[in-house]
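Thanks, everyone, for making the time. I would like to walk through one model this morning, going from the overall fold to the sheet, then to the ligand, and ending with a few backbone details.

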Amino acid sequence: MDNKVILALQAVLDADELLLPGELNFEKYGKDETEDLYFAPHVVVRPKSVEAVQAVVRVADQFVVPLVSRGGGTGLSGGALPVRGGIVLSTERLNRILEIDQENFFVRVEPGVITQVMQEAVEAVGLFYPVDPASRGSCTIGEMLLRVQVGREHLSTAQRKTMCSELTSCWRMVSLCDMAASG
Ligand SMILES: Cc1cc2nc3c(=O)[nH]c(=O)nc-3n(C[C@H](O)[C@H](O)[C@H](O)COP(=O)(O)OP(=O)(O)OC[C@H]3O[C@@H](n4cnc5c(N)ncnc54)[C@H](O)[C@@H]3O)c2cc1C
């Protein structure tokens with residue numbers, strides 16, 4: 001990768017948002033839970049804000065560099081692997097639960113929130129998030145909404161479609177479950 005890409009990323013990110021080859025934990029971003037596959041990225045970014053994500057996307061676009069997003073890295077089909085190198089964008093630091101609106105069954109989260117963390121947060125205020133993958137302790141909400149994960153709980157096709165149409169939030173899932181519980 002052209003060194004100009006690194007310089008451009010350094011110009012828009014905080015030092016701790018950028019990980020270069022040889023640095024601690026760099027290697028883990030070349031694999032997920034897919035068996036025996038490893039592809040080294042050229043650089044890893046771990047943005048802490050939406051603005052930083054936008055800046056990274058602009059750099060990737062400007063220099064025509066592959067950009068692979070990564071949640072918890074628990075995927076079993078290699079989706080988070082940087083097969084052509086480039087930039088791996090990890091959502092691990094975008095991990096805040098921004099709002100739980102109990103009245104309207106609405107929860108607003110950043111994409112890197114771990115599924116179990118969100119489940120426990122809504123349960124603490126008497127709500128329920130039904131999608132329950134076995135990897136809930138390490139997979140992310142952002143990926144789940146993207147892919148409409150099902151996990152151990154069964155959801156109807158209609159429910160899944162509704163989930164798909166609500167990519168920016170999870171409130172539908174919570175409210176659907178509530179409606180189901182109330183008959
Ligand atoms: C022990 C174990 C148990 C599992 N159990 C289940 C289960 O019960 N049900 C099930 O469905 N799956 C299961 N899985 C598979 C895996 O956990 C799920 O696919 C999970 O949803 C992946 O989430 P992740 O955050 O780890 O995504 P990653 O592996 O990091 O990424 C997966 C894909 O999503 C993309 N992506 C990630 N985050 C974003 C984002 N914010 N925006 C855009 N694209 C993004 C990546 O580029 C990649 O293509 C299991 C895996 C393991 C290892």
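Predicted model: local features only at pLDDT ≥ 70, side-chain atom pairs only at ≥ 80, totals over all residues.

Of the 183 residues in this protein, 32% count as buried, where buried means that 20 or more other C-beta atoms lie within 10 Å of a residue's own, exposed means 12 or fewer, and partly exposed is in between, with the C-beta atoms placed from the backbone. Residues are numbered from 1 along each chain as its sequence is written.

Among contacts between residues at least 6 apart in sequence, 56% join residues at least 24 apart, a contact being two C-beta atoms, placed from the backbone, within 7 Å.

Let me turn to the sheet. Four strands form an open sheet of mixed pairing in the order S1-S2-S4-S3, where two strands pair if DSSP finds at least two bridges between them. The edges are S1 (18-19) and S3, each of which pairs on one side only. S2, residues 43-45, and S4, residues 87-90, run parallel over three bridges, with Val44 standing opposite Val88 of S4. Helix H2, residues 50-63, packs on this sheet and touches S2, S3 and S4, its direction making about 165° with that of S4; the axes here are lines fitted to C-alpha atoms, for helices over the stretch in contact, and angles run from 0 to 180 degrees between N-to-C directions. S3 and S4 are also parallel, joined by four bridges, and Val88 in S4 is the bridge partner of Val68. Val68 lies, with Arg70, on the covered face of S3, whereas Leu67 and Ser69 lie on the uncovered one.

Apart from that sheet order, S5, residues 97-101, and S6, residues 106-109, pair in the antiparallel sense over four bridges, and Asp101 stands opposite Phe106 in S6. Their hairpin has four residues between the strands, and there Phe105 takes a positive phi near 55°.

What surrounds the ligand? The shell has 28 residues, of which the closest are Gly71, Gly72, Gly75, Gly79 and Gly142. It divides into 10 nonpolar, 13 polar and five charged residues, counting Ala, Val, Leu, Ile, Met, Phe, Trp, Tyr, Cys and Pro as nonpolar, Asp, Glu, Lys and Arg as charged, and the others, Gly among them, as polar. S3 (67-70) and H4 (141-147) each supply at least two residues of the shell, and the largest share, four residues, comes from H4. Domain 1 (3-90) and domain 2 (97-181) each contribute at least three, with the bounds coming from an automatic or database domain assignment.

Finally, two backbone details in the loop between S1 and S2. Asn25 lies in that loop and, although not a glycine, has a positive phi of about 70°; Asn25 counts as exposed because it has 8 C-beta neighbours inside 10 Å. Asp36 lies in the loop between S1 and S2 as well, has a positive phi of about 60° without being a glycine, and is exposed, with 5 other C-beta atoms within 10 Å.

Key:
Near = placed C-beta within 6 Å.
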